[in-house]
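Biologist: Can you take me through this model? Please start with the ligand.

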Amino acid sequence: MSEPTYTFRLATPDDAEALQAIYAPYVETSITFELEAPSVEEFRRRIEERICIYPYIVVEEDGVPMGYAYASRLFSRAAYDWAVELSVYLSRDCRGRGLGRALYTRMLTLLEMQGIRSAHGKVTEPNEASDKLHLSMGFRRVGFMDNVGFKLGKWRDVGHYEKLIGDFDSAPDPVIPITKLDPAKVEKVLREGA
Ligand SMILES: CC(C)(COP(=O)(O)OP(=O)(O)OC[C@H]1O[C@@H](n2cnc3c(N)ncnc32)[C@H](O)[C@@H]1OP(=O)(O)O)[C@@H](O)C(=O)NCCC(=O)NCCS
């Protein structure tokens, strides 16, 4: 059998149905703190909101979405403009094939092009795959929140990972929305990974 071919592209609102289907099974676990799966309409609304500013990357196998990663604001106050939180979900049988790493590699390169200075991940423990993904991508665990959520009958702990991007020697320029980056350069990153 031939090796699957994976391609990476930016999400559109029309991906809502496929991506909601990837995400929904994880709502039945403690990996996400959401208690009910969002509807496809709600998922579409979330995609629309995010793609104006941040990368939202879909990985496809032979044209079928198998996973995605997106960035969103870490916190709402203005001085946090340069800090994002990452989310990444793969279809269950596509885990452990390097796709998490491939999505994060592209994501971090695009964030750097935008002028983002730090990327953060919050991982409900235990989640060895996510811990390993973050550590292997150069994130460092900067915090651990004990019993910060209650889901599926248990208090849950969350690890906080951070990766600094770029330099901190001077005041930053405003973040460039993903929609304002050179499309050819974005395409190259999605194709080649860096
Ligand atoms: C977490 C997730 C995105 C990781 O992506 P992935 O494609 O499975 O991981 P990769 O194959 O890219 O592996 C990345 C690293 O983690 C390690 N890893 C992956 N799965 C692992 C597992 N189950 N146990 C231990 N290590 C694991 C790999 O060996 C690799 O390490 P290396 O770079 O040192 O070789 C994916 O497993 C997933 O979608 N899980 C369910 C949803 C989820 O947990 N999302 C994150 C919420 S915080």
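Modeller: The shell around the ligand is made of nine nonpolar, six polar and six charged residues. Here Ala, Val, Leu, Ile, Met, Phe, Trp, Tyr, Cys and Pro count as nonpolar, Asp, Glu, Lys and Arg as charged, and the others, Gly among them, as polar. This is a predicted model, where local features need pLDDT of at least 70, side-chain atom pairs count only at pLDDT 80 or more, and totals for chains, interfaces and linings use all residues. Residues are numbered from 1 along each chain as its sequence is written, and side-chain values use heavy atoms, with hydrogens and water left out.

Biologist: Which residues come nearest to the ligand?

Modeller: Val88, Gly96, Gly98, Asn127 and Ser136, out of 21 residues around the ligand. A residue counts as near if one of its heavy atoms lies within 4 Å of the molecule.

Biologist: What gives the most to the shell?

Modeller: H4, with six residues. Strand S4 (83-90), helix H3 (99-114), strand S5 (118-125) and helix H4 (128-136) each supply at least two residues. Helices (H or I, at least four residues) and strands (E, at least two) are DSSP runs, numbered from the N terminus.

Biologist: Which backbone atoms are by the ligand's oxygen atoms?

Modeller: One is a polar backbone atom of glycine 96, at 2.7 Å from a ligand oxygen. For glycine 100 the distance is 2.8 Å, and for arginine 101 it is 2.9 Å. The protein covers 73% of the 910 Å² of accessible area that the ligand has on its own, by the Shrake-Rupley method with a 1.4 Å probe.

Biologist: Changing topic, where is the cis peptide bond?

Modeller: Between glutamate 125 and proline 126, with omega about 0 degrees. Proline 126 lies in the loop between S5 and H4.

Biologist: And what is phi at aspartate 62?

Modeller: Near 45 degrees, which is a positive value in a residue other than glycine. Aspartate 62 sits in the loop between strand S2 (56-61) and strand S3 (64-73).

Conventions. A polar contact is a pair of N or O atoms within 3.5 Å; within protein, one must be able to donate a hydrogen and the other to accept it, and residues adjacent in sequence count only if both atoms are side-chain atoms.
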